[in-house]
Amino acid sequence: MRIPKRPVSFCLSLFSPEFPRPLDSRISFYSGFHYKTPHFSFAKPKQIHSTGVNQLHMSYMVDKGQKAVLGDKRLSSEPMESSDGVQEPCIWSSPEGGKDEAELGKQIFCNRSLNMRNIIAVGFDMDYTLAQYKPETFEKLAYKGTIEKLVSNLGYPEELLGWTFNWKYMVRGLVVDKKRGNILKMDRHKYVKVAYHGFRELTKEEKVGSYGNTLIRDAFDEPDYALIDTLFSLAEAYLFAQLVDFMDKNPGRVPAKVDYARMYKDVRSAVDMCHRDGTLKQMVAKDPIKYINEDKSIVPLLRMLRDSRRATFLVTNSLWDYTNIVMNFLCESRTLDACNFDWLQYFDVVITGSAKPGFFHEESNANLFEVEPESGKLINTDNGTPMAQVGNTSPSITLKKQNECCRVFQVLYVGDHIYGDILRSKKILGWRTMLVVPELETEVKLLWELRDSRKALQLMRSDRDHIEDQIHRLRWSLDFEDLNADQKQEKSALVEDLELQRDQVRIKHQQTQRGCHQKFHKVWGQLMKTGYQNSRFAHQVERFACLYTSQVSNLSLYSPNKYYRPGEDFMPHEFNILPM
């Protein structure tokens, strides 16, 4: 399994009307899903769909400079006949199903209007999108493997092997300051609000000294900083914090000439070694249920999308062998010993080893090699000879012509750095996007539970502003108005009383705010907030994700033809005028 340094944070892509659509029941995909020279196409409907009832019934015309035009037959949300001939209602339309307003954590939230009637293809990433990994087991496995590589390959002391991993400590949206050994949380304006050196919280003076004195705000980007914006990155961030503490307390115990920046580079190298040597893949393959959450809603979701006459596809950075294991587990509840390819019936196209985000660049000109599912070999190599996967020494395999309902491709990509999907697909291709944020379910429920405390915080903040306005008015009067001694004494006494009230409100406000902060996370607080400002992570979600939700299967709770509309934007001058 190849897991990128900064893999899929959005996790789900929805194609806009500008995406090439099926023409006369045929699908042609272009280079990296772009509009140029076609790398592969499907001429037979049976190569696209598993059953006749799921075939696309649309025609369209596409021009790069024009919008797509739908043919005569429109998308429908009517219950469709399943592959076994039994007509079943979709989850969203069944009497016991659909979106329950009380289940806030499973709602889909909208940043930009998105009419699903205009969406003709829905694409999914696999890792941490369709497959939600268990951090208490999967991240622990990655953590232990990384430490073993640090000790055995990079010369770190053996006592690291006794360290343990707290999988609840780190959160997404943090930034690693490689040079200083700090881990930061900042707001959308890039002001650092929470900062730790290892596990020691920095004082306000230290934060200002390092991050608050420059006239030009630091970009907080590579090469001096690293973004912890995926769930894959939490274990390495925690290990880096441990190593910072260890080096500070044990000078000379780490390899010679290693500073904080080199130490972070070593951690990254060790993580990459774990993924390259197959350590993680083999462990997950042996016992998927130990590392991946079961989700019985994924298959009904995929069926619903296909029944509503959408094309579906999978684009993942994982290679074919691992993808087949994970998708078998998700769709068929099978383990390694009983793998087959039934799950392919739910997709029109599967792309493995895609090396996103480079996959989204037209200039990358990625080469596509067809995978022979039974052997995992690549079929259409330069000389037409099947090429075995790395580590497969089988001398010969008979290629079969089965599973033509879905053809599987693997991308050959040359590069040294892989980023996530949302930003690139949005900026480069203009795709519509949906970000999967698993932490959101707990976050939203806590927001609901703390709604009274948050209202109280707003009132305390307003009271404090009102008291300070009175103090400013009285002080101005004392400084600039012609007052007699009695008037000055009276107003001075009022100032003292008001200052006492202000301090009491301020202390109560700080205590209440800290209490709310720690309800979400004792160290880093609310994922989407830093104080009263949106966090940097929230700002990125707002900018690049059309929709966001806690699980990909939440799509099954809504009509496939739903028109998602965002809430109204409010300027500060509107809050106290318009009803909320």
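**Strands, loops and rings**

Trainee: How many of the five residues of strand β14 (residues 311-315) are buried?

Mentor: Strands are DSSP runs of E with at least two residues, helices are runs of H or I with at least four, and both are numbered from the N terminus. Buried means under 20% relative accessible area, exposed means over 50%, and partly exposed lies in between, with a 1.4 Å probe and protein chains only. Strand β14 is largely enclosed by the rest of the structure, because its buried residues number five of the five.

Trainee: What kind of model is this, and which pLDDT do local features need?

Mentor: Residues are numbered from 1 along each chain as its sequence is written, and side-chain values use heavy atoms, with hydrogens and water left out. This is a predicted model, in which totals for chains, interfaces and linings use all residues, side-chain atom pairs count only at pLDDT 80 or more, and local features need pLDDT of at least 70.

Trainee: Which residues of β14 point the other way from Ala311, Phe313 and Val315?

Mentor: Ala311, Phe313 and Val315 point one way from the strand, and they are buried, as are the residues that point the other way. Those pointing the other way are Thr312 and Leu314.

Trainee: Which residue in β15 stands opposite Leu314?

Mentor: Two strands pair if DSSP finds at least two bridges between them. On this basis β14 is joined to β8 by four bridges, the two running parallel, and Ala121 stands opposite Ala311 in β14. Three bridges also join β14 to β15 (residues 349-352), again in parallel. Leu314 stands opposite a residue of β15, namely Val350.

Trainee: What is the relative accessible area of Asp127?

Mentor: UniProt lists Asp127 for "binding site" in an unreviewed entry; its positions are given in the numbering used here, feature names are shortened, and annotations may be inferred rather than shown by experiment. Asp127 lies in the loop between β8 (121-124) and α1 (135-154). Asp127 counts as buried because its relative accessible area is 5%.

Trainee: How many residues apart in sequence are the parts that the pair of Tyr128 and Phe232 ties together?

Mentor: Rings of Phe, Tyr and Trp (its six-membered ring) pair if their centres lie within 6.5 Å, and planes under 30 degrees apart count as stacked, over 60 as edge-to-face and the rest as tilted. A search of the whole structure finds 23 aromatic pairs, among them the edge-to-face pair of Tyr128 and Phe232, with 4.7 Å centre to centre and 75° between the planes. Tyr128 lies in the loop between β8 and α1 and Phe232 in the loop between β13 (225-228) and α3 (234-249), so the parts tied together are apart in sequence by 104 residues.

Trainee: What is the relative accessible area of Phe232?

Mentor: Tyr128 is buried, with a relative accessible area of 4%. Phe232 is buried too, and its relative accessible area is 10%.

Trainee: In which helix does Phe246, the partner of Trp163, lie?

Mentor: Trp163 and Phe246 form an edge-to-face pair, 5.6 Å centre to centre with 70° between the planes. Trp163 lies in the loop between α1 and β9 (174-177), so the pair ties together parts 83 residues apart in sequence, with Phe246 in helix α3.

Trainee: What is the phi of Tyr128?

Mentor: Most residues other than glycine have a negative phi, and most peptide bonds are trans. Tyr128 has a positive value although it is a residue other than glycine, and its phi is near 65°.
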